[in-house]
Amino acid sequence: MRLEYFEEAVDFMLQHPKVKGPNVGLLGFSKGGDLCLSMASFLKGITATVLINACVANTIAPLHYKDMIIPDLGNELSNKKITESGLLNLVDIWKNPLEEHNHRSLIPLEKAQGPFLFIVGLDDHNWKSEFYAHIASERLQAHGKNKPQIIFYPETGHCIDPPYFPPSTASVHAILGEAVFYGGEPRAHSRAQEDAWQQIQIFFQKYLNGKKSVQHSKI
């Protein structure tokens, strides 16, 4: 995966007549979350970044940018579990980014120019989103940066969609081609989707438009 592809997209957005500028925000979910962390860390013109159940290490494929390569974190598929319903539970397959031999996969998010908001489902069965958010907070503070905003949602799974989307507790994984369990209690997960949507808007309005509050969405 090459970061230049996404750099071109940022440049396109910044030059678009409908984009206010002078910067843009990023919203990333799952693998898209660690990709947004990399974009915020290495690219210019990014003021605010929201991560929904994201990893703090590069995952799935090596990331290339100019003469730099960040290897992927790696996994042990043998650690997968099968639920009573026959779904894959992948939460334990990912290697620990804090172990020394995995450090090269960590994304240097302390290089980012703007703040972060981490949206975390505490019943995420895809990967350890709470653990990764704490790593991000500790790393930023260790480098003299402000703590990120972290919002934890109990009984909420991996796929936190916009409000009123049916909770996605399982689906066929795009890479594995098998049904994967994502977690989440339907009622709590639905409420989390409503609140997260508002929190994301407030965050972007504050750091992109300089507003302290925002009108609630009417969808």
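At 42% relative accessibility, Ile60 counts as partly exposed. Here are the cut-offs: buried is under 20% relative accessible area, exposed is over 50%, and partly exposed lies in between, with a 1.4 Å probe and protein chains only. Ile60 sits in the loop between strand S2 (46-52) and strand S3 (63-65). Helices (H or I, at least four residues) and strands (E, at least two) are DSSP runs, numbered from the N terminus. The phi of Ile60 is near 75°, a positive value in a residue other than glycine.

Some ground rules. This is a predicted model, in which local features need pLDDT of at least 70 and side-chain atom pairs count only at pLDDT 80 or more, while totals for chains, interfaces and linings use all residues. Residues are numbered from 1 along each chain as its sequence is written, and side-chain values use heavy atoms, with hydrogens and water left out.

Confidence next. pLDDT is the predictor's confidence in each residue, from 0 to 100. The protein averages 93, and 96% of the residues score at least 70. Where pLDDT is low, the predicted coordinates should not be read in detail.

Back to Ile60. Together with Leu77, Ile175 and Leu176, Ile60 forms a nonpolar surface patch of about 330 Å² accessible area. Patches take residues with over 30% relative accessible area and no salt bridge; like charges are joined within 9 Å, and nonpolar side chains (Val, Leu, Ile, Met, Phe, Trp, Tyr) within 5 Å. The areas come from the Shrake-Rupley method with a 1.4 Å probe, and for residues only the protein chains shown count as cover. Ile175 is exposed, at 58% relative accessible area. Look for Ile175 in the loop between strand S9 (170-172) and strand S10 (179-181).

Lys66 lies in the loop between S3 and S4 and is exposed, with a relative accessible area of 63%. Then there is a cis peptide bond joining Gly21 and Pro22, with omega about 5°. Pro22 is in the loop between helix H1 (3-15) and strand S1 (24-29).

Now salt bridges. How many does a search of the whole structure find? Five. The criterion is a side-chain nitrogen of Lys or Arg within 4 Å of a carboxyl oxygen of Asp or Glu.

Take Glu76 and Lys95, at 4.0 Å, N to O. Glu76 is in the loop between strand S4 (68-70) and strand S5 (81-82), and Lys95 is in the loop between strand S6 (88-89) and S7, so the pair ties together parts that are 19 residues apart in sequence. Both ends are partly exposed: Glu76 at 37%, Lys95 at 30%.

Next, Asp92 and Lys81, at 3.1 Å, N to O. This pair links distant parts of the chain, eleven residues apart, with Asp92 in the loop between S6 and S7 and Lys81 in strand S5. Asp92 is partly exposed at 28%, and Lys81 is partly exposed at 45%. Lys81 and Asp92 also join Lys128 in a network of salt bridges.

Then Arg139 and Glu110, with the closest N and O atoms 2.6 Å apart. Arg139 lies in helix H3 (residues 129-142) and Glu110 in the loop between S6 and S7, so this pair ties together parts 29 residues apart in sequence. Is Glu110 buried or exposed? Buried, at 11%. Arg139 is partly exposed, at 22%.

Aromatics. The structure holds eight aromatic pairs. Rings of Phe, Tyr and Trp (its six-membered ring) pair if their centres lie within 6.5 Å; planes under 30 degrees apart count as stacked, over 60 as edge-to-face, and the rest as tilted. Phe131 and Tyr132 have ring centres 5.9 Å apart and planes at 40°, so the pair is tilted. Phe131 is partly exposed at 30%, whereas Tyr132 is buried at 2%. Trp94, Trp127, Phe131 and Tyr132 form one aromatic cluster.

Last stop, Glu155. Glu155 is in the loop between strand S8 (149-153) and S9, and is partly exposed at 48%. Which residues does Glu155 contact, leaving aside neighbours within four places in sequence? Asp123, Gly184, Glu185, Ala188 and His189. Contact means heavy atoms within 4.5 Å. Glu155 and Ala188 are 33 residues apart in sequence and 5.9 Å apart in space, C-alpha to C-alpha.
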